[in-house]
Structure formats: structure tokens, C-alpha cells
Amino acid sequence: MNNLCCGPGYASPTDAINAPSEKLLYTIAIYTGTGIQKPDYLATVDVDPDSHTYSQVIHRLEMPGIGDELHHMGWNACSSCHDDNSMSRKYLILPGVRSNNLHIVDTATDPKAPKLYKVIEGAEIKSKVDLSGPHTVHCLGSEIIISFLGDAKGEAPGGYLHLDKDFNIIGRWENSMGDIKFGYDFWYQPRHNIMVSSEWAAPNTFMPGFDLEEVGHLKYGRELHFWDFEKRKPIESFYLGEDGLVPLEVKFHHNPDSTHGFCGAALSTNVIHWWKDNDEKWQWEKVIDIENEMHPEWPIPLPGVMSAILVSMDDKYLYLNNWLHGDMRQYDITDPHKPVLTGQVFLGGLLGKAPKVNGVEVAGGPQMFQLSLDGKRLYVTTSLFSTWDNQFYPEIREKGGVMIQIDCDPVNGGMKVNPNFMVNFGQEPNGPSRCHEARYPGGDCTSDIWL
Amino acid sequence: MTKYKVKISNRGNTEYEVDDKRPILDELRKHGVDLPYGCKYGGCITCAAKLTAGNIDQRRQVALNNWQLDNGYVILCVARARSDITLEIGTESHDKLYRNPFLEPLKSYQLKADIASKEDT
């Protein structure tokens with residue numbers, strides 16, 4: 001580490017790629033909706049191949065109450081604070097989608113055994129800023145913004161909560177939601193003063209479960225929104241139509257000068273690419289279209305359901321999942337207009353192509369994933385959201401979720417399952433739980449932004 | 001204030017007295033019944049139970065579609081008792097709460113109240 005004088009993260013994506021390998025990772029694990037009356041928790045997983053507890057959960061931090069449904073999480077600080085030596089990447093913020101509570105966890109005092117530092121109560125958030133259904137956490141300099149998908153009554157479009165570095169509620173971050181109908185994920189690229197946000201649905205729509213008919217009734221999103229980041233208001237929206245049903249995860253290139261970014265449209269199972277053209281206009285196109293697959297027992301073809309995408313730190317590869325088909329894919333996006341499929345592995349899924357991985361029966365399909373900074377190790381989990389799991393993969397109640405690690409070739413492309421790694425959350429002490437998003441203490445490929 | 005009896009058929013028919021002004025979830029938890037819950041405003045389905053006898057008022061719920069309502073589901077975090085009632089609780093009662101939406105699509109009258117059609121009923 002050559003930056004001991006500095007703040008958190010790395011001076012550039014290149015420095016991040018050259019950082020030491022991760023030895024620990026954190027993933028949330030849920031009991032909400034499983035029938036087990038225990039709190040959701042933050043699991044510490046040993047990912048150091050030289051450790052005698054490699055590929056095991058080595059610590060569990062339970063939340064104070066039941067029913068949170070922990071889901072995504074984010075850091076209090078990232079590389080956007082790299083030149084601020086008063087900041088450190090110390091706290092992980094764990095929102096409860098159902099409870100609305102924000103759990104602030106200290107991961108720095110003892111990285112193996114994180115401690116709960118503070119809880120911002122869901123009721124306080126509802127009463128002060130009229131928001132519920134928290135999702136994506138990003139820091140911006142020394143402050144924090146979190147997308148919420150609903151108002152206090154669970155109706156769309158919600159908005160953005162603004163916290164200061166000490167986790168006090170400042171208020172709503174946005175000055176206007178414009179004509180935006182739904183919220184979900186967002187990412188920003190400060191050098192271009194742009195933020196892009198996507199659309200899932202109102203909490204009252206997605207929390208109870210998924211109904212295809214509700215997509216037809218426009219209860220789910222199909223637009224991408226471009227924001228003036230400094231003015232904190234939307235400036236342009238793209239209607240993606242049938243190509244962009246339920247646009248979920250949005251990722252810019254890590255290179256802070258780039259205007260290229262990608263969104264995974266979950267139900268259409270397409271990747272949408274956007275960029276700013278030579279006339280300074282934002283453009284979009286569909287660059288990946290995963291065909292539906294036939295299933296012997298299904299009356300209609302089975303969509304892939306691309307619930308997540310990720311861009312490697314060198315901006316060379318895009319990873320995506322097909323939660324229902326059961327495959328993880330790697331695309332070379334050196335030319336972002338023309339992605340090339342370079343790797344694919346099956347892990348569970350409804351097509352029956354990989355019911356067992358490393359000897360463990362997989363319930364669910366590849367869902368969330370986190371890539372090591374050097375691009376070589378992809379950690380994949382299998383649960384999407386408790387109610388949706390219960391609809392598509394009811395056997396996950398008994399089997400729980402798993403975390404699998406895929407070895408990725410960042411030079412020539414290619415993916416294969418690491419035979420030595422398997423964390424089976426079906427074997428947890430309190431019964432089968434379901435793991436979801438993962439983060440490394442040193443920063444990861446889905447949080448750091450460069451100013 | 002009116003009191004009603006709640007019988008829980010899948011917990012040995014145990015009976016508890018509840019206040020008709022308060023959510024059944026809160027009343028049962030006060031008696032020490034261990035129940036799942038999430039949002040606590042009727043939006044998320046985590047606390048659903050099956051009503052097999054009696055009447056309740058759950059006008060505040062926004063999570064259930066008509067198919068789930070027809071199968072007797074009740075959102076305990078907002079429902080109030082309107083008579084003595086019998087419930088099945090917990091995930092054991094969820095056999096008809098979840099369906100694969102591609103294998104068993106809903107008819108238009110089975111959708112949520114705000115988008116359901118009336119013609120087919």
C-alpha cells in the first residue's frame with residue numbers, strides 16, 4: 001500500500017486492481033420469509049485459501065430484530081474520498097428492505113467480527129423524509145445517499161435519503177423526481193456530472209412477490225433516467241419498451257472519464273448500453289439479448305431473469321446472471337457496442353443443467369455476485385428476495401442458499417467453478433438461511449467511484 | 001373495547017384473547033406467540049396467516065391479490081378481529097400464498113384490487 005497518508009480506497013482503478021487480494025468478505029444472510037424466527041445477519045466468510053477456515057462462515061452478526069430482509073449494502077466511504085485523510089472505509093450500511101431500518105456496522109475495529117454501531121430506525125426515516133424500501137447505498141465524498149423505492153406507505157417512486165458522514169439524516173437528496181415512476185439502482189460519474197437510475201417497482205408491488213400480469217398493468221418499470229448530478233434532478237429519460245422490462249442494475253465504467261455504462265433489464269433479459277455521443281447527446285442501445293429457453297413443464301418459454309450485472313475494475317468484462325436459466329456469463333466489452341461472450345457456467349437454475357455444484361444441491365440460481373479487484377475471483381450467491389425465491393425455488397426453504405466462487409481469466413476470458421470453495425448456508429447453526437450481496441473490506445467492483 | 005378469541009389450529013388449538021381495536025399480530029405477540037413479520041404496515045406479506053373461521057377487517061392491507069384473499073389469507077400486522085376467529089399461522093400456512101407466476105398465471109379477476117377486472121367474477 002503506497003497511500004498510507006491518504007483516505008479510503010485507491011487513487012485510480014489501476015491501483016485498485018493491484019491491491020492485495022481479499023481475505024475476508026461479508027455477505028448478508030436472511031431468515032425473513034423462511035419460517036425460521038431469527039434475525040437476518042451479516043456473515044463474515046473466510047476467502048483466504050491459506051487459512052484453515054477457508055470457505056467457511058467465521059462470524060455472524062445478528063441484527064437486533066426479525067423481519068428486516070437485509071438485501072444490498074454499501075460503504076460509508078470509497079475511493080471518492082481517497083484524498084480526504086479524515087475518512088476511512090470503516091462502516092458498512094445494511095438496509096432492511098421490509099423493516100426500513102438502516103444498520104450501521106463497524107467492520108474496521110475487528111474485521112473478522114463486525115459490530116453493530118448504530119441503527120437508524122425505519123420509523124424515523126418514514127416520519128422525517130417519507131421514504132421506505134431502501135435499496136442501493138452510495139457514498140459521495142464524505143456523504144451518503146440511499147435509494148428508497150417507495151414513500152412511507154410503500155407507493156412509488158420513492159426518492160433518495162441523504163445522510164451525513166456521522167449517519168445523521170440531512171433530508172431528501174434529490175431536488176426533484178421529475179416524472180420518474182419508479183426507483184431502484186443508481187450510479188454516478190462525477191466528471192460528467194451525470195447520474196443514471198433504473199426502475200423496479202413500488203415496494204407494495206414487489207415485496208409480496210412477482211406477478212407477470214402486473215408488468216402488463218405497468219406496475220413494473222421500463223425506463224432509465226439521466227440526472228444532473230449537481231442540480232439533483234432528472235434531465236432525460238429513455239423509454240426502453242419491451243427491450244427494457246424491469247431495468248435493474250446500472251453500472252458505469254470504472255474509468256471516471258468514460259461515459260459508457262450498462263443496465264441489465266431483468267425480465268427482458270437484455271443488457272442496455274448507454275454513452276454520450278460526439279454531439280454531447282446521451283444514446284442507448286441493446287447490446288445483449290438472452291433468448292428465452294423452452295422448459296418441458298412450462299407453457300411459455302422461460303426468461304433468463306437477469307437480476308444483476310457487474311463490470312470488472314479494468315472495464316474489460318461484463319458479468320451477468322440468468323437466475324431462472326441458471327447460468328453466469330462473462331462478456332468481453334472492450335468494444336462496448338459489441339460484447340463478445342467469453343465464458344459461461346451453470347449453477348443450479350430451473351433448466352436442470354447443474355443441479356449440484358461441488359457436491360451440494362443448489363436451490364435457486366446465480367443471483368448476486370462480487371468480483372475481486374484483480375478480476376480473477378467471482379463470488380456468486382443464489383437467493384434473490386425471500387418472496388420471489390418462495391415462488392420460483394420453494395425448495396430453498398429446506399436447502400438454503402450457497403456461495404460459490406468462479407475462477408475468471410481476466411486476460412483471455414473464461415470461467416470455471418473453483419472446486420475448493422463452497423459455503424453452504426443450508427448448514428447454518430440456526431437452520432437454512434439465504435445469502436445475497438457480498439462486499440470486501442478493501443473495496444470492491446460495485447462500490448468505488450472516482451471523482 | 002371488544003375482546004375476541006383467536007384459536008391457532010396449527011399450535012394445538014391454543015386460544016388467545018385479542019382487542020378488536022389492535023392489529024392481531026401485536027396482540028398475539030403480546031401473548032408470546034412467535035410470529036413472522038416484516039413491514040408492519042400491510043405491504044409485504046411476510047406475516048400472512050390463513051383464516052379458517054370467523055371475520056376480520058384488513059382494509060389497510062395492500063399486499064394480497066384476489067387469489068390470495070380467496071384462499072383465506074390475512075395480513076396480521078394490520079388485520080383486526082371482528083368475531084372469534086381461527087387461524088393457521090407461520091409458513092406452514094403458506095401453501096397457497098406463493099405460486100410460480102409463469103406456471104399458474106392469474107386470471108384478470110384474481111389480480112390485486114386496483115387492477116382486477118370485475119367481468120369474470
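Okay, let's start with chain B: its secondary structure comes to two helices and seven strands. Those are DSSP runs, H or I of at least four residues for helices and E of at least two for strands, numbered from the N terminus. Before I go on, this is a predicted model, so local features need pLDDT of at least 70 and side-chain atom pairs count only at pLDDT 80 or more, while totals for chains, interfaces and linings use all residues. Residues are numbered from 1 along each chain as its sequence is written, and chains are lettered from A and ligands numbered from 1 in the order in which they are written.

Back to chain B. Along the sequence, the pattern reads β-β-α-β-β-α-β-β-β. The C-alpha atoms fill a box of roughly 40 × 25 × 25 Å along the principal axes. What about the radius of gyration? For 121 residues a compact globule would come out near 14 Å, and chain B has 14 Å, so the two agree. That's taken over C-alpha atoms, and the globule rule is 2.2 Å times the number of residues to the power 0.38.

How much of chain B is buried? Of its 121 residues, 45% count as buried. Here, buried means that 20 or more other C-beta atoms lie within 10 Å of the residue's own, exposed means 12 or fewer, and partly exposed is in between, with C-beta atoms placed from the backbone. As for contacts in chain B between residues at least 6 apart in sequence, 56% join residues at least 24 apart. A contact is two C-beta atoms, placed from the backbone, within 7 Å.

Now, where the chains meet. The contact takes 26 residues from chain B and 26 residues from chain A. On the chain B side, they divide into 17 nonpolar, seven polar and two charged. For the bookkeeping, Ala, Val, Leu, Ile, Met, Phe, Trp, Tyr, Cys and Pro are nonpolar, Asp, Glu, Lys and Arg are charged, and the others, Gly among them, are polar.

Next, the core. The largest nonpolar core has 159 residues, and the ones with the most contacts inside it are Leu318(A), Tyr319(A), Phe369(A), Ile75(B) and Leu76(B). Strand S1 of chain A, residues 24-30, gives the largest share of this core, six residues. A core here is a set of buried Ala, Val, Leu, Ile, Met, Phe, Trp, Tyr and Cys residues joined through C-beta atoms within 7 Å. Take Ile75(B): leaving aside neighbours within four places in sequence, its contacts include Gly42(B), Cys47(B), Ala48(B) and Leu64(B).

On to the sheets in chain A. One is an open sheet of four strands, in the order S12-S13-S14-S15, with antiparallel pairing. Strands pair if DSSP finds at least two bridges between them. S12 and S15 (233-239) are the edge strands, each pairing on one side only. Neighbouring strands are turned by 20° against each other on average, direction ignored, using lines fitted to C-alpha atoms, with angles from 0 to 180 degrees between N-to-C directions.

Let's zoom in on S13(A), residues 194-197. Ile194(A) and Val196(A) point one way, Met195(A) and Ser197(A) point the other way, and all are buried. In general, side chains in a regular strand alternate between the two faces of the sheet. S13(A) pairs with S12(A), residues 186-189, over four antiparallel bridges: Tyr188(A) sits opposite Met195(A), and Gln189(A) opposite Ile194(A). Their hairpin has four residues between the strands, and Asn193(A) takes a positive phi near 50° there. S13(A) also pairs with S14(A), residues 223-228, again antiparallel, over four bridges, with Val196(A) opposite Phe226(A).

There's another open, antiparallel sheet of four strands in chain A, in the order S20-S21-S22-S23. Its edges are S20 (309-311) and S23 (340-346). S22(A), residues 327-332, and S23(A) pair over six antiparallel bridges, and Arg329(A) has Gln344(A) as its bridge partner.

Asn76(A) is in the loop between S4 (74-75) and S5 (91-95) of chain A. Is Asn76(A) buried or exposed? It has 27 C-beta neighbours inside 10 Å, so it counts as buried. Its contacts beyond four places in sequence include Tyr91(A), Cys139(A) and Lys165(A).

Asp374(A) is in the loop between S26 (369-371) and S27 (377-381) of chain A. With 18 C-beta neighbours inside 10 Å, Asp374(A) is partly exposed, and beyond four places in sequence it touches Ile17(A) and Ser21(A).
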